[in-house]
Amino acid sequence: MDYRETLNLPRTEFPMRANLARREPEILRRWAEMRLYEKLLEKNAGGRRFVLHDGPPYANGHIHIGHTLNKVLKDVIVKHHAMRGCFAPYVPGWDCHGLPIELEVEREAGRKGGRSMLEIRERCRAYAERYVAVQRAEFERLGILGDWEHPYLTMDPSYEAEEVRVLGRCIALGLLYRGKKPVHWCPSCATALAEAEVEYADVSSPSVYVAYPFVAPLPAPLAGLRAPAAAVWTTTPWTLPASLAVAVHPDHEYVAIECGGRTLVVAAARAAVVAQALGAGETPPVLARCHGRDLEGSRCRHPWLPREVPVVLAEYVTLESGTGLVHTAPGHGQEDYETGLRYGLDVLAPVDARGRFTAEVPEWAGLSVFDADARIVEHLRQVGALLASERFVHSYPHCWRCKKPIIFRATEQWFIGMERGELRRRALAEIERVRWIPPWGRERIANMIATRPDWCLSRQRAWGVPIVALYCERCAAPLVSEALCTHVAAIFEQEGADAWFRRPVAELVPPGTRCADCGGEAFRREDDILDVWFDSGVSWRTVVERHPQLGRADMYLEGSDQHRGWFHSALLTGVALEGKAPYDTVLTHGFTLDGAGRKMSKSLRNVIAPEEVIQRHGAELLRLWVAAEDYREDVRISEEILGQLVEAYRRIRNTARFLLANLYDFDPARDAVPLDRLPALERWALHQTRALAERCRAAYEAYEFHVIYHALNNLCSVHVNPF
């Protein structure tokens with residue numbers, strides 16, 4: 001007798017081993033063949049619409065682990081809403097313009113001269129197309145469902161055309177203007193930079209204490225003193241040729257002290273520190289006292305140039321370092337520029353696009369401003385204006401791409417004014433309406449909006465959407481209008497933005513256009529392109545509103561750096577054109593770090609590439625990693641963490657297999673038992689299952705996916721645990 005026939009043993013075709021690296025591609029092919037994404041949309045066609053608008057990753061290189069975190073989070077959220085019955089379309093996109101691609105194209109081709117604008121743009125387009133295809137395949141391999149056959153690209157003609165129409169609306173609303181203002185400028189890349197393209201790193205700079213002698217008539221508090229001089233401190237000696245004023249705080253107390261044989265005016269709170277820096281030992285006796293406002297209007301002599309500079313008031317002068325007096329160069333700093341506006345100072349910036357002094361500074365013409373620092377310090381010593389010099393370590397802005405130090409440089413640029421149309425005030429009001437996850441995102445972006453300068457839109461590069469502006473050949477007056485943008489957008493719709501550089505200027509100008517200043521009819525085109533943050537920032541109009549399945553975005557989801565990037569530019573353009581933010585909820589995640597909490601770097605050899613994990617363990621393990629971590633903080637990943645997840649995945653999978661095997665012959669219609677007749681153990685199991693389901697649903701609604709993972713893992717480890 002075969003006793004096996006007398007036993008009711010578990011049975012299942014669910015395999016013991018997952019073999020994800022081999023089986024996942026088969027599953028993805030089956031999804032594609034059955035058009036799973038489209039079937040989900042069809043099934044939920046009558047449900048409430050939920051739109052998560054995809055922030056476009058940059059089409060440059062393979063995806064990294066940060067991309068994985070971002071895209072899997074989006075996929076989990078979209079699928080959750082779809083399973084709730086929502087109509088949840090997901091249209092992926094790519095940011096295709098900008099400096100990183102242009103620099104990569106230059107690197108691949110070798111630095112060269114003589115290439116036309118159109119040749120550069122053609123190479124950049126091919127580069128972007130190549131990596132859009134690469135990244136699309138890599139995202140699909142992660143199991144991300146979406147309309148991959150019809151993504152949006154910022155270099156598509158229809159996108160570029162609508163972007164120019166948005167620019168036209170900004171012009172019509174009076175938001176756009178051209179002016180000479182200091183902007184973040186990268187001498188290496190020879191272009192202006194957006195706030196979001198600036199990183200900060202510690203550097204050691206030569207800090208100098210410089211004497212600015214007061215000239216007659218002396219201010220009343222200093223009357224009778226022998227040759228008093230303002231003691232100015234700066235960590236950027238190269239800006240001294242553009243120094244046009246000395247700034248003091250109106251409310252700080254200032255004293256005149258005898259130090260090193262000179263009468264120096266310093267902030268009272270900094271007198272001891274200054275005396276020590278000048279080698280004077282103990283604080284010298286005070287010869288006079290006053291407040292900063294008492295010095296306003298007096299004049300000083302520039303340390304070596306034949307120039308008198310006024311003493312001005314500025315509340316940004318601090319007592320944290322230096323002397324409490326700072327020199328003011330309106331062409332090399334935003335706060336200095338604003339002070340210069342109040343006092344009618346020139347905007348002097350004798351530095352060219354490569355960060356070299358121009359002929360306006362004949363002593364160092366052609367020399368890099370950073371290389372000139374040491375020479376300027378020596379020159380100060382020779383003319384007797386140097387009081388002291390030392391090294392000072394401080395945080396300094398760097399270019400996000402080339403990682404080199406940048407400068408503030410005043411140039412003619414196109415700006416969107418933050419105070420025009422009450423843009424700043426309205427944006428701050430919208431921030432209060434939006435739901436921010438985590439909640440601290442509200443304060444972070446509000447602080448950025450509250451303090452940011454006007455938005456510099458122009459970039460001095462080739463690869464991007466051109467700023468649709470003309471200049472009169474006769475009088476050089478700029479011409480911008482909504483009519484011009486509408487005319488050019490119709491051309492871009494058919495030919496793309498290359499038409500701006502390919503077509504004769506006469507074909508870009510609406511018929512009958514004349515210069516408003518002189519009546520001229522001949523024009524030259526603007527060569528600058530639009531900031532890429534404007535490119536992606538208007539995607540709510542160019543993609544969401546124009547897409548038949550989208551209409552309006554419920555959620556934006558990106559890394560926390562996008563508070564000053566995509567969230568920021570989308571907010572400003574949305575408020576400018578529609579009076580509201582283009583999103584209702586903003587969810588942010590942290591950065592990806594290694595197991596020790598360090599930033600991933602090739603030099604540290606701690607980079608974990610998604611494709612390597614997929615080849616060994618399958619994409620499902622990466623998805624489990626995303627679900628297991630609290631993404632609101634920085635997220636760690638390492639081989640040890642992945643090993644723990646392998647065990648957790650095996651436990652969850654085997655629990656599911658055990659349950660399936662025991663239910664192989666269960667027929668609900670035939671075998672169902674009323675709840676009150678179930679044994680206590682089974683009633684307890686049902687209770688645990690219901691509690692788990694309710695907890696998971698609540699966690700999905702709160703976007704707390706790590707709670708779901710830990711609850712499920714705990715169930716499989718403690719309550720069920722068939723091993």
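A residue counts as buried when its relative accessible area is under 20%. That cut-off applies to every view below of this predicted model.

**View 1. D75 is a buried residue of helix α3.**
The helix spans residues 65–83. D75 has a relative accessible area of 2%, so it falls under the 20% cut-off and is buried. Beyond residues up to four places away in sequence, D75 touches G143, I144, L145 and R623.

**View 2. W94 and F139 form a tilted ring pair.**
This is one of 18 aromatic pairs that a search of the whole structure finds. The ring centres of W94 and F139 are 6.3 Å apart, and the planes meet at 35 degrees, so the pair is tilted. W94 belongs to strand β2 (residues 93–94), F139 to helix α5 (residues 117–141); the pair therefore ties together parts 45 residues apart in sequence. Both W94 and F139 are buried.

**View 3. F370 and Y396 pair edge-to-face.**
The centres of these two rings are 6.4 Å apart, with 80 degrees between the planes. F370 sits in helix α10 and Y396 in strand β15 (residues 386–399). The pair links distant parts of the chain, 26 residues apart. Are the two partners buried or exposed? F370 is partly exposed, at 31% relative accessible area. Y396 is buried, at 11% relative accessibility.

**View 4. L571 is among the most connected residues of the largest nonpolar core.**
This core has 73 residues. Those with the most contacts inside it are L167, I416, F534, Y556, L571 and Y583. Helix α18 (residues 566–578) supplies the largest share of this core, 8 residues. L571 is in contact with A427, E430, I431, I445, I449, A581, P582 and Y583, leaving aside neighbours within four places in sequence. A second, separate core has 68 residues, including I77, L557, L645 and I708. In soluble globular proteins, nonpolar side chains tend to be buried together.

**View 5. Five aromatic residues form a cluster.**
Ring pairs link W436, Y556, W566, F567 and Y583. Y556 and Y583 are also among the residues with the most contacts inside the largest nonpolar core.

**View 6. K181 lies over the face of F415.**
The distance from K181 to the ring centre is 5.0 Å.

**View 7. T542 makes a side-chain polar contact with Y159.**
T542 is part of helix α17 (residues 539–544). T542 is buried, with a relative accessible area of 8%. The polar contact between the side chains of T542 and Y159 is 3.4 Å. Which residues does T542 contact, leaving aside its neighbours within four places in sequence? They are Y159, E162 and E163.

**View 8. Strands β21, β20 and β22 build an open sheet.**
The strand order is β21-β20-β22, and the pairing is antiparallel. The edge strands are β21 (478–479) and β22 (523–525), each pairing on one side only. Strand β20 (residues 470–472) is joined to β22 by 3 bridges. In one of them, C472 has F523 of β22 as its bridge partner.

**View 9. P228 is a buried residue of strand β7.**
The strand covers residues 228–234. P228 has a relative accessible area of 2%, so it counts as buried. P228 touches P213, F214, L218, L222 and T263, not counting residues up to four places away in sequence. H563 is 335 residues from P228 in sequence, and their C-alpha atoms are 48 Å apart in space.

**View 10. R356 is a partly exposed loop residue.**
The loop runs between α9 (334–343) and α10 (369–382). R356 has 35% relative accessibility and so counts as partly exposed. Leaving aside its neighbours within four places in sequence, R356 is in contact with P350, V351, G366, L367 and S368. E13 is 343 residues from R356 along the chain, with 73 Å between their C-alpha atoms.

Note on methods: Residues numbered from 1 in each chain as written. Predicted model: local features only at pLDDT ≥ 70, side-chain atom pairs only at ≥ 80, totals over all residues. Heavy atoms only, no water. Helix = DSSP H or I, 4+ residues; strand = E, 2+ residues; numbered from the N terminus. Buried < 20%, exposed > 50% of the residue type's maximum accessible area, 1.4 Å probe, protein only. Polar contact = N/O pair within 3.5 Å; in protein donor to acceptor, adjacent residues only side chain to side chain. Contact = heavy atoms within 4.5 Å. Core = buried A, V, L, I, M, F, W, Y, C linked by side-chain atoms within 4.5 Å. Phe/Tyr/Trp six-rings, centres within 6.5 Å; stacked < 30°, edge-to-face > 60°. Lys NZ or Arg CZ within 6 Å of the ring centre and 35° of its normal. Pairing = 2+ DSSP bridges.
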